[in-house]
Amino acid sequence: MDTKQEVILSVRDLEVKFNLRGKVLHAIRGVSLDLYKGESLAIVGESGSGKSVFVKTFMGLLDSNGYVSGGSIEYDGKNLAQYTQDKQWRNIRGGQIAMVLQDPMTSLNPLKTVGKQICEALKLHRNMPKKQMKDAAIEILRDVGIPEPEKRFSQYPHEFSGGMRQRVVIAIAVACNPKILICDEPTTALDVTIQAQILHLLKELKEKYDLTTIYITHDLGVVANVADRIAVMYAGDIVEIGTCEEVFYNPQHPYTWALLSSLPQLGVKGQELFSIKGTPPNLFYHVEGDAFAPRNPQALNIDFKERPPYFEVSPTHKARTWLLDPRAPKVEPPESIRNIRNLKPLLNPDFVKTAAGGASDE
Amino acid sequence: MLKYIAKRLLRSLVTLAIVITIIFSLLRLMPIEGYFPNYDKLSPGQIQASLTSMGLLDPLPVQLWNFISGVFQGDLGTSLVYRVNVPITQIIAEKAPVSIELGLLSVGLSLLVGIPLGVGMALASLARQKKGVPALVKRTPLRRCMDAVGMFFATIWEKIGTIFIVVIQAVPSAVYYLFIQLYGTDLFGIPTLFNKNNYATWILPVVSLALGNIAYYAMWLRRYMTDEINKDYVQLAKAKGVSSSGIMFRHVFRNAFVPMIQYLPGSILFTVMGSIYVESLYSIPGMGGLLVNVIQRQDNTMVQALVLIYSVISIVALILGDILMSIADPRIKLGKKEEAR
């Protein structure tokens, strides 16, 4: 990963809050992130860690009770965190940043033909006459690997299978001609054989349309296959970020260790699979110290008192844990994840084609 | 689709035949006094003679057959008591137009008021969710004022709509019909009695008839729209960059209207058939009171004919509803699912 690359999107100290039944939920707690042009970043973390909320702020798609309460999102010289009106967002949404949602069964309008839904995107972001629009839509359908696109153009979503629908959703996303493509768990709702095809397609399109992609997932198998860099999120914060190799082979944060240990591929036959004990902190309350400390059996005293800063492991790799402080005692990562290197298939590009990759969500 | 409709119509004919037979048989159980306006004054011989001439002493299947074949020739028989010896078709032809005109006006009014009310309520409840979310950017005082006023109207709109719907649904319609008549005629000086040529007298009955439907349309539209707004495809449309109004009208409203379409023909047809209570309140010479009237006076042939008409209308409303629904929603394939229906 070349760090001198151009930064396309820069997030600084982002805070997101939600008003819920009179209480305030602090969903994102001061996250900073630089997204480089042309890279493929994966954001991993368990359910509720805030990974979806984090990327939704880039497009102003937070639920109506959520809001950015601090920090900035720089894109193209503008601060997206200050956008309040629909009018401002409309150019960003689709045209600059597009999104692929998790469940293709529900993310298409059931009463409009697939062609119409793609044309709607084309009309919004590309100036072209009506006649050309249809041809362009058919071309995009062909690009995303839908057979007989001319016929499929005038069919309704219910006439497509799950995998095909996800291809249509992807077609809509690229039809807008975006710079950044956010894939929010693009394969979670699909079965394994289709998963591999969709990931393959996304990689292809990334090259063809010159996209910068962000994957949100809790499936480390997906991550290993598509990502240049990995950001590990926990309780509304990025706890570790680095290149794919660095995070897999040299993880520093205890949460990353725990996450990797729960890879079912690391399980030993006859032994129970590893799972992280406890539950994530309640974000309605202020989190003291390291958010992962209560679930970390090797937590230090300071972990409960003060929030750790980022410690740099390499220019591309940093982690938020006191273990990297020079004064900290030496704590070894668990035995099992040191074997991850032997787990060749995990980092083999063909991995997802052969095995049902995936870390447990727990 | 055509094949389905043909099958559906055939099957409705069977339903209709069963309904006719039941009504016909039940009415044969009625005392024969019903067939004579002046039963007491007749001698047994005269009674026998006229029963024979009416064909009422024929075997039941023959009578049934005569009735059915009459229906298919457009002959519903003649009234016995209500208006002696006048063909029933003629009576209905005189009465129906007023009811139909009143009904169409009231349905028009309820669509005109009910749809905006429902849409407005859905939008207002959406706006209310944003309440209490602080804006990061400093707003100008003017903008603040506008936002506050907007929020105020949204809240008022939703509250008034909710109260209206609850009142209309909870209070028996007879009560508010009476209120409308009492205060309406007083306040606006409108004559109580309906007069076809005085358009002012149309207002109160039309409004009375519309209230129920307004509440009904608004309630369901609000509910279906709130359902649709939270669906994933709305999120995707937003992510595409579709404007809020585009999402509301091209996606949410259109999709929310589909489940309502199925019930529209029914609610329209039944409104058009007239309301017993409203018509009697304003002495409107319509279809509304007719059925009750002829049942009370034991006008057997009239009862028979009217029940037949009502059954036909119910069946037509159901079929129309299903067809409209399948046109509006491509996922519904009538032909394939028909076995399950």
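Author: In this predicted model, chain B and chain A bury about 3,100 Å² between them, with 58% of it on carbon and sulfur atoms.

Reader: Why is the extent of an interface expressed as an area?

Author: The size of an interface is often given as the accessible area lost when the parts come together. For chain B and chain A the value is about 3,100 Å², summed over both parts.

Reader: How many residues does each chain give to the contact?

Author: Chain B provides 30 residues and chain A provides 41 residues.

Reader: Which elements of chain B give two or more residues to the side that touches chain A?

Author: These are α8 (232–240) and α9 (244–261) of chain B. The largest share, seven residues, comes from α8(B). By class, the side of chain B that touches chain A has eleven nonpolar, eight polar and eleven charged residues.

Reader: Why is Ser79(B) called buried?

Author: Buried means under 20% relative accessible area. Ser79(B) has 0% relative accessibility and therefore counts as buried. Ser79(B) is located in the loop between α3 (60–72) and α4 (88–129) of chain B. Beyond four places in sequence, the residues it touches include Val84(B), Ile91(B), Thr301(B) and Met302(B).

Reader: What makes the pairing of the side chains of Ser79(B) and Asp299(B) a polar contact?

Author: A polar contact requires N or O atoms within 3.5 Å, one able to donate a hydrogen and the other to accept it. The side chains of Ser79(B) and Asp299(B) make such a contact at 2.7 Å.

Reader: Is Arg295(A) buried or exposed?

Author: At 9% relative accessibility, Arg295(A) is under the 20% limit and so counts as buried. Arg295(A) lies in the loop between α10 (254–261) and β11 (311–314) of chain A. Its contacts beyond four places in sequence include Glu46(A), Tyr234(A) and Ile276(A).

Reader: What are the confidence values for chain B?

Author: Its mean pLDDT is 83, and 94% of its residues reach 70 or more. Over residues 337–341 of chain B the pLDDT is below 50. The model scores ipTM 0.83 and pTM 0.81.

Note on methods:
Residues are numbered from 1 along each chain as its sequence is written. Chains are lettered from A and ligands numbered from 1 in the order in which they are written. This is a predicted model: local features need pLDDT of at least 70, side-chain atom pairs count only at pLDDT 80 or more; totals for chains, interfaces and linings use all residues. Side-chain values use heavy atoms; hydrogens and water are left out. Helices (H or I, at least four residues) and strands (E, at least two) are DSSP runs, numbered from the N terminus. Buried means under 20% relative accessible area, exposed over 50%, partly exposed in between (1.4 Å probe, protein chains only). Contact means heavy atoms within 4.5 Å. Buried area is the accessible area (1.4 Å probe) that two parts lose on being put together, summed over both. Ala, Val, Leu, Ile, Met, Phe, Trp, Tyr, Cys and Pro count as nonpolar, Asp, Glu, Lys and Arg as charged, and the others, Gly among them, as polar. pLDDT is the predictor's confidence in each residue, from 0 to 100.
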